[in-house]
4 protein chains.
Amino acid sequence: MTGFIVRNPSFREDIARSFARQGALLFIGAELDEVDVGRCVLRLPIGERVLQQQGFVHGGMVGLIGDVAGGYAAMSLFDPGCDILTVEYKINFLAPAGGDALVAEGRVLRSGRKLTVTTAEVRTVGSGRDRVCAVLQQTCTPS
Amino acid sequence: MTGFIVRNPSFREDIARSFARQGALLFIGAELDEVDVGRCVLRLPIGERVLQQQGFVHGGMVGLIGDVAGGYAAMSLFDPGCDILTVEYKINFLAPAGGDALVAEGRVLRSGRKLTVTTAEVRTVGSGRDRVCAVLQQTCTPS
Amino acid sequence: MTGFIVRNPSFREDIARSFARQGALLFIGAELDEVDVGRCVLRLPIGERVLQQQGFVHGGMVGLIGDVAGGYAAMSLFDPGCDILTVEYKINFLAPAGGDALVAEGRVLRSGRKLTVTTAEVRTVGSGRDRVCAVLQQTCTPS
Amino acid sequence: MTGFIVRNPSFREDIARSFARQGALLFIGAELDEVDVGRCVLRLPIGERVLQQQGFVHGGMVGLIGDVAGGYAAMSLFDPGCDILTVEYKINFLAPAGGDALVAEGRVLRSGRKLTVTTAEVRTVGSGRDRVCAVLQQTCTPS
């Protein structure tokens with residue numbers, strides 16, 4: 001993560017405030033665990049409201065928390081007052097998303113004025129055999 | 001859609017049953033609108049529980065309904081008794097996802113024993129200027 | 001394609017000139033077939049120089065011509081003097097890429113000042129059973 | 001890379017043989033640098049035949065070597081006699097691909113009987129400021 005320039009000294013507060021205003025994240029029960037320079041970690045306790053038909057977390061929900069983790073990692077390097085917009089993302093599923101919770105960690109690969117590229121990993125917690133269950137690549141832009 | 005072979009005569013019932021068992025879809029209020037050979041349409045009425053910080057539907061929720069529409073389009077061509085597993089998907093966002101509801105339509109591009117490739121389009125409804133707000137490409141497999 | 005605004009009246013000449021300066025395209029023998037508003041068609045005659053180990057066109061070469069078709073479709077809507085930069089693309093392979101030639105058609109899905117989203121389809125020609133062998137989604141930006 | 005099971009004791013020879021039969025790779029001058037368990041490194045000396053209009057390596061060529069590096073990383077874990085088929089890949093471009101050569105390193109994230117997921121990184125060499133210029137996520141299958 002070396003070499004990243006922080007342009008918004010209050011990025012942690014701004015990200016926490018943005019997070020708290022997202023109905024979708026409150027609804028599914030996602031929690032903001034860590035925000036750092038070019039990095040963000042979310043936690044999603046697993047409950048009925050995020051499950052698919054086989055009792056695992058729905059892939060779309062896994063994508064959602066990966067998207068958010070990558071997006072806030074990007075936003076930590078934005079100018080003050082900039083909000084975050086996802087341009088696109090791609091997710092590969094590696095294993096069933098079970099256990100007590102999922103942890104999504106987003107990291108910035110390249111930060112630019114116009115475009116930021118991130119990667120995110122989603123891991124299972126408390127599943128008996130914890131592992132990475134999904135990986136994402138994402139493009140974001142300030143808005 | 002010509003040329004698709006239906007292997008499961010009760011694919012409509014099986015998909016409806018699978019849909020009804022997905023906690024995530026019930027909780028966000030998604031509705032199964034149409035299921036056809038190699039095609040599936042979902043509807044997501046827009047409410048606080050799917051919004052992001054600017055009042056539009058969260059991109060991850062848009063991804064979720066696109067993923068489901070593509071997945072059930074794929075499942076319509078599976079053998080009886082086969083469930084659906086998403087291998088990966090990729091989504092591009094084209095416009096803010098506002099209005100009264102989103103409609104996601106998935107279509108099969110290629111159906112194989114091992115792998116099915118789909119595309120999905122998500123459109124806004126009742127936004128004053130309805131349009132496609134996201135497109136997806138997806139790979140599924142029977143499980 | 002309705003509704004696209006042409007900002008560069010000589011987009012056809014500019015795209016032809018840009019194409020002619022791409023060593024990679026000349027070396028693999030790609031040909032610029034059609035350039036229209038928000039649309040571009042390329043042709044790749046199949047020869048040893050684009051094949052993989054089983055005698056089909058290498059997936060990476062299929063990706064390359066899809067990327068170019070999408071990129072020039074985007075560039076047709078750019079301001080005069082703007083070159084094209086691919087931000088990212090994603091390709092799904094649907095069938096082996098055999099026959100006499102491949103034809104790649106790119107189309108703009110959304111054109112913006114900052115970002116353009118395209119889709120591209122690659123079809124086989126002269127394979128005895130012509131069909132779409134790959135689909136792409138791509139993001140471009142003017143540079 | 002721990003935990004990967006090698007099923008084909010002569011995977012190195014088989015991959016080298018497969019590589020040598022790919023017209024596209026010989027034509028662009030790609031070289032197989034390293035093959036290991038779940039890992040593969042390629043080198044592409046930069047010349048006119050892989051360039052785009054601005055004098056950098058064409059993004060499609062960057063995608064091609066990333067695809068190959070990921071694919072052979074996957075093949076190192078296949079059963080004897082299995083060839084490799086790319087299901088899909090996605091590439092994000094991080095920086096212009098200039099310098100003397102590109103080095104693509106593919107690594108397996110998840111290896112399964114049916115599907116293997118890899119990631120690949122492409123770096124510049126001899127550009128004065130070497131760095132990662134592209135990242136890929138890929139799905140492969142034995143054929």
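Here are legends for a few close-up views of this predicted model.

**View 1. Where chain B meets chain A.**
Chain B puts 34 residues into this contact, and chain A puts in 34 as well. Together they bury about 2,700 Å², with carbon and sulfur atoms giving 52% of that area. On the chain B side, B:Gln53, B:His58 and B:Tyr89 lose the most area to chain A, together 24% of what that side buries. As for polar links, there are 22 residue pairs in polar contact between chain B and chain A, counting pairs with both residues at pLDDT 80 or more. Helix H2 (23-28), helix H3 (59-75) and strand S3 (84-93) of chain B each supply at least two residues to the side touching chain A, and S3(B) gives the most, with 10 residues. Sorted by class, that side of chain B has 14 nonpolar, 13 polar and seven charged residues.

**View 2**
Strand S3 (residues 84-93) of chain A runs antiparallel to S3(B), and five bridges join them. Look for A:Glu88, which stands opposite B:Asn92. Two salt bridges cross the interface of chain B and chain A. A:Lys90 forms a salt bridge with B:Glu88, and their closest N and O atoms are 2.6 Å apart.

**View 3. Where chain C meets chain B.**
Here 14 residues of chain C touch 14 residues of chain B. The two chains bury about 1,100 Å² between them, 53% of it on carbon and sulfur atoms. C:Lys90, C:Leu94 and C:Gln137 lose the most area on the chain C side, together 50% of what that side buries. Two salt bridges turn up across this interface. B:Glu88 and C:Lys90 meet in a salt bridge, at 2.9 Å from N to O. Strands S3 (84-93), S4 (101-111) and S6 (132-142) of chain C each give two or more residues to the side touching chain B, and by class that side has seven nonpolar, four polar and three charged residues.

**View 4. S6 and its partners inside chain C.**
S6(C) is largely enclosed by the rest of the structure, because 10 of its 11 residues are buried. S3(C) pairs with S6(C) in the antiparallel sense over nine bridges, with C:Tyr89 standing opposite C:Gln138. Strand S5 (residues 116-125) of chain C also pairs antiparallel with S6(C), over eight bridges; there, C:Glu121 stands opposite C:Val135.

**View 5. The hairpin of S5(C) and S6(C).**
Six residues lie between the two strands, and C:Gly126 takes a positive phi near 75° in this hairpin.

Key
Residues numbered from 1 in each chain as written. Chains lettered and ligands numbered in written order. Predicted model: local features only at pLDDT ≥ 70, side-chain atom pairs only at ≥ 80, totals over all residues. Heavy atoms only, no water. Contact = heavy atoms within 4.5 Å. Buried area = accessible area lost by both parts, 1.4 Å probe. Salt bridge = Lys/Arg side-chain N within 4 Å of Asp/Glu carboxyl O. Helix = DSSP H or I, 4+ residues; strand = E, 2+ residues; numbered from the N terminus. Nonpolar A, V, L, I, M, F, W, Y, C, P; charged D, E, K, R; others polar. Buried < 20%, exposed > 50% of the residue type's maximum accessible area, 1.4 Å probe, protein only. Pairing = 2+ DSSP bridges. Polar contact = N/O pair within 3.5 Å; in protein donor to acceptor, adjacent residues only side chain to side chain.
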